[in-house]
Amino acid sequence: MSAQQARYRTQWASQFSVASELVRRDYLVSLTFGNAAVADLLVQSPKGTTFTIDVKGQSSKSFWLVQRREEKANHFFVLVYLPPAYKPPEFFVLSNSQLMRHRAEYESAATVRGKYRDDLGGMNWTTVLPYLDQWGALPR
């Protein structure tokens, strides 16, 4: 399998895993197919609030590559780690503002070291650990 095929497989598995987890929690979920500029998932909470989610998946504990996004109140990120050997995925749930703040912190630190490229912006693996299974951050 090529590296490109592996990335697609990881991303699709991540999106379906997040959608499944949300449905289990009584959310209504629609997947967007293709490269949707808006989001990967369109979601309605159990109480009727609509919001969007970007899903970022990876199969190794490495840098989270995330493009810069405009501030949106009802936009969230779920970063998914798909461990080897079919172990359960790990979900890190952040609001758009939380993730962009961490991205900006990484940018500042990397710029000081002279090693920042905006197309490779994101954050270190450990930055998101406090957000493990923070499903309560999503609208109810």
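1. Accessible areas here come from the Shrake-Rupley method with a 1.4 Å probe. On that basis the protein, a predicted model, exposes about 8,100 Å², and carbon and sulfur atoms supply 54% of that area. Buried residues account for 39% of the 140 residues.

2. On to the fold. You will find two helices and seven strands in the protein, and along the sequence they run α-β-β-β-β-β-β-α-β. The radius of gyration is 15 Å, close to the 14 Å that the globule rule gives for 140 residues, so the protein is as compact as a globular protein of that length. If you are setting up a view, the C-alpha atoms fill a box of roughly 45 × 40 × 30 Å along the principal axes.

3. A word on contacts: of those in the protein with a separation of 6 or more, 50% come from residues 24 or more positions apart.

4. For the charges, the protein carries 17 positive and 12 negative side chains. The centres of these two sets lie 4 Å apart.

5. Finally, a look at one residue, W12, which sits in helix α1 (residues 3-24). Is W12 buried, partly exposed or exposed? Its relative accessibility is 30%, so W12 counts as partly exposed, given that buried means under 20% and exposed over 50%. Setting aside neighbours within four places in sequence, W12 is in contact with L31, T32 and F33. E70 is 58 residues from W12 along the chain, and the C-alpha atoms of the two are separated by 24 Å.

Note on methods: Residues are numbered from 1 along each chain as its sequence is written. This is a predicted model: local features need pLDDT of at least 70, side-chain atom pairs count only at pLDDT 80 or more; totals for chains, interfaces and linings use all residues. Side-chain values use heavy atoms; hydrogens and water are left out. Helices (H or I, at least four residues) and strands (E, at least two) are DSSP runs, numbered from the N terminus. The radius of gyration is taken over C-alpha atoms; the globule rule is 2.2 Å times the number of residues to the power 0.38. Buried means under 20% relative accessible area, exposed over 50%, partly exposed in between (1.4 Å probe, protein chains only). Contact means heavy atoms within 4.5 Å. Lys and Arg count as positive and Asp and Glu as negative; His and the chain ends are not counted. The place of a charge is taken as NZ of Lys, CZ of Arg, CG of Asp or CD of Glu.
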